[in-house]
Amino acid sequence: RQPVKVFCRVRPIKNNEEPCVKVTSEKTVSLVLPPEAVSTYRATCYKEIKHTFKHVFDDKATQKDVFDHVALPLVQNLIHGNNGLLFTYGVTGSGKTFTMTGDPQNGGVMPRCLDVIFNSIGSYQAKKFVFKPDRMNGFDIQSDGDALLDRQKELYSVISLKTPKKKDSDTDVLQRTPDDTKIGSIEDDNTYAVFVTYVEVYNNAVYDLLEDIPEDAIRQLQSKIVREDASRNMYVHCVTEVEVKSTEQAFEAFYKGQKRKRMAVTTLNSESSRSHSVFTIRLVQVLNVTSQSPPLYRSIQYIVCLTLFAGNINNSLMTLRTCLEILRENQLNGANKMVPYRDSKITHLFKNFFDGEGQVKMIVCVNPRIEDYDETVHVMKFAEMTQEVQMTQPAGLKLDFGLTPGRRKANEIFKQALQKMEENSNGRAQNIEVDIGLVYCLGPQFPCLELTDPGLDKLIKDLLSFLELRMNKKNDLLEDWQKRHQDFRNKLIAVERENIMARQDSMSKQAALEQERKKTSALEAKLMSSESTMMSLQHQLQQNEANLIALKQELEEKEMLLHQQMVEKEKLRQKYSDKIAVEKERNTFDTQKRLKEQEIEFKTQMRDQERKLRKVKQILSKDNSATTCTPVHPTRSATTLYQTPVASDKTNSRGLQSQSSKRVSVSNPRHRRSRSTGDETWLDHRPRNAVELGTVMQPLMKRRKSVTKLTDAKDVANAKTSKYCLMTQEQDSSGELETRLYKADVIPTCGGGAQVVFNDVEMLKQQSPNATPLRKR
């Protein structure tokens, strides 16, 4: 058993502030408040607290230092078949994400782990799709035909899909600075494959960030289940495992999952994670032997980022703390309490590591800001408690089948020799059978040779039989070696003959090569002149393109200005057309009113004229009868008789007019009610579905009666009603709401009625005071 190795990394302070965390040595940090913050801080007691860790990284430590101390031993154990768990812990904004991922020029722990893995196994990787995940924490080995079919399907799907446009925010993995560390102690005869998964634990539910779904359905991810396989190892059921052949491919999968993570903006971090992220690297190894089912084993390394914040995120960390405390209590006191791994998905997934199935390391990230003092105290206490938990360190998985190492290199040497013979057009190369199945090994190791009793005859007999088998094996190997030696000598003689012929052929080809070089130099000179001409043409083309772009911009500006002027003209035309229509309507109304009044007046005059004519006719008829009796001075008497009735007719007409005026209600336009009290009663006539006015100026009507339809004449002829307002609402030419208020005085008539005299029109429109006018007026 060994304790959990806990490391501490202190983030650099900003703006030359006074920190509350100071590094005193390579293994010790001191947590203390500055004197000026003690009196105003909310801490109840002030004292210096010291904490000890496996190693402490100050603000000057580089990403390379952190990786070499913490993660490089885990990568070595991973290649040798051991599992590992590395997780960061700390409050938001303490540098966990930078420690894990870093940036393209300064990579973190995760990219450096991938670099070291691929630097070590780069030439020993299997072809893609040879190992296929069964989504139950295991792998199947496919045949070459099935693997080739899967590779063709993948290639077809990549060609058929449209390549998405790269955004400015996407990280360019090609510009990163890789880590060149390489692990030398690797099994040369094994074949390797690397698989990665990326999940997040949000609200105590596990989501697959690499699931193959459309980008517009990211928030419809289905939660996954944590299960136990046949070997009692915990895994995420049906999680997407991506086989990668380089660090760049692994980074593409990582950034694809990063875009789907739940992020939020906090006061300490512009992109704070709302969940725990788990990035898994699985290394699969298989022994490179000729057999139908070769032995296969895999090792796993988890890279976890735990965020200390609020809500269900802290609930998961509380469960982790509870599990570690119970483990420590069971180890110190010999108790047998049940560890609540199933209370949280994080602890349930890493149950095997706490039970001794791998090595566990933790990096505590600390922000030395004074505002984070309380949270930093809790983080330090949890880290110290974690160091007291003892973890069982498993032995490395080493499979020994009694085979001599170096078989892969021997196969490669034989294949290269055959390829060279085929390139030299040696027809016999196809008929050569290379027997690489026989391994030069005399057998297993010697049995125990210790003789504790001289009467152990059976041990001596077993030793004799073992030596006989070993000698027989040696004889067989000597015979095979002599045969191979003779075959190799014959092949070497044939190769020497071919070598002599090849030298002669090489000399003739060398002369032809010299001639070709001269031609090439002449063509290069011609190419250089052509390139200079092309450069000048390209420069001229760039100038023309720049001029074209400038002209296009100028044309677009003029088109926009013209468009604005056309819009302004259209608005003015619409505005004046509306005004003309209103004036036409008003003039038509006034004209019709005048025509009606004139028509009534003309009819009255016609009736008076007709009445006068009838009376004149009567007088004339009387005069005619009188003239027949006294025919003296006919002209004068006729004139006198004509004038007299006319005068009497005027008198009668005036009497008739006075009588008729008593029956017609006439209003007094100069009538004005008393306004000494300032009390006016309005009759507000508005539409049924009137829109609320949002203008600054509002009509002021203290006392009013609102109606939507005039159905009763008493509403207007009421003695209390002195003002009348008619409201109309419609859209103007620009689509804005325009409200018109037609105001009038209500004048009572002598007949008991009322007359409405319009004297004012108000137009209300709502406009933005900050809007820039289209033109100055």
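**Figure 1. Helices α2 and α4 form a right-handed crossing.** The model shown here and in the other views is predicted. Helix α2 spans residues 63-79, and its axis comes within 9 Å of that of α4, the two crossing at roughly 45°. The two helices are therefore oblique to each other. On the α2 side the contact is made by Q63, K64, V66, F67, A71, L72, V75, L78 and I79, and on the α4 side by V109, R112, C113, V116, I117 and S120. Sorted by class, the residues of this contact are 11 nonpolar, two polar and two charged.

**Figure 2. Helix α4 also packs against helix α6.** Helix α4 covers residues 109-121 and helix α6 covers residues 247-260. Their axes lie 9 Å apart, at an angle of about 150°. That angle is over 145 degrees, so α4 is roughly antiparallel to α6. The crossing of α4 and α6 is right-handed. From α4, the residues M110, P111, L114, D115 and F118 take part, and they meet T247, A250, F251 and F254 of α6. The residues of this contact comprise seven nonpolar, one polar and one charged.

**Figure 3. Q142 sits in the loop between β11 and α5.** Strand β11 covers 139-141 and helix α5 covers 144-160. Q142 has a relative accessibility of 16% and therefore counts as buried. Its side chain reaches the backbone oxygen of F129 at 2.7 Å. The side chain of Q142 is also joined to that of D150 by a polar contact of 3.0 Å. With neighbours within four places in sequence left aside, the residues in contact with Q142 are F129, V130, K132, A147 and D150.

**Figure 4. N137 has a positive phi in the loop between β10 and β11.** The phi of N137 is about 70°, although the residue is not a glycine. Strand β10, at 131-133, stands on one side of the loop and β11 on the other. The relative accessible area of N137 is 7%, so the residue is buried.

**Figure 5. C238 has a positive phi in the loop between β16 and β17.** C238 is not a glycine, yet its phi is positive at about 60°. The loop that holds C238 runs between β16 (234-236) and β17 (242-244). Because its relative accessibility is 26%, C238 counts as partly exposed.

**Figure 6. K261 lies in the loop between α6 and β18.** Strand β18 covers 263-264. K261 counts as buried, with a relative accessibility of 8%. Along the sequence, K261 and V201 are 60 residues apart, while in space their C-alpha atoms are 9.9 Å apart.

**Figure 7. L306 is a buried residue of strand β21.** The strand covers residues 296-308. The relative accessibility of L306 is 2%, under the 20% limit for a buried residue. The C-alpha atom of L306 is separated by 8.0 Å from that of S275, a residue 31 positions away along the chain. Apart from neighbours within four places in sequence, L306 is in contact with F87, T88, Y89, G90, K96, H276, L317, L320 and I346.

**Figure 8. N718 is placed in the loop between α14 and β26.** Helix α14 spans 714-717, and strand β26 spans 723-731. N718 has a relative accessible area of 36% and is partly exposed.

**Figure 9. Overview of the protein, with 14 helices and 28 strands.** The protein has 777 residues, of which buried residues make up 32%. Among contacts with a separation of 6 or more, 68% are between residues 24 or more positions apart.

Terms used: Residues are numbered from 1 along each chain as its sequence is written. This is a predicted model: local features need pLDDT of at least 70, side-chain atom pairs count only at pLDDT 80 or more; totals for chains, interfaces and linings use all residues. Side-chain values use heavy atoms; hydrogens and water are left out. Axes are lines fitted to C-alpha atoms, for helices over the stretch in contact, and angles run from 0 to 180 degrees between N-to-C directions. Helices (H or I, at least four residues) and strands (E, at least two) are DSSP runs, numbered from the N terminus. Angles under 35 degrees count as roughly parallel, over 145 as roughly antiparallel, 65 to 115 as roughly perpendicular and the rest as oblique. A crossing is left-handed if the near helix is turned anticlockwise from the far one by less than a right angle, and right-handed if clockwise. Contact means heavy atoms within 4.5 Å. Ala, Val, Leu, Ile, Met, Phe, Trp, Tyr, Cys and Pro count as nonpolar, Asp, Glu, Lys and Arg as charged, and the others, Gly among them, as polar. Buried means under 20% relative accessible area, exposed over 50%, partly exposed in between (1.4 Å probe, protein chains only). A polar contact is a pair of N or O atoms within 3.5 Å; within protein, one must be able to donate a hydrogen and the other to accept it, and residues adjacent in sequence count only if both atoms are side-chain atoms.
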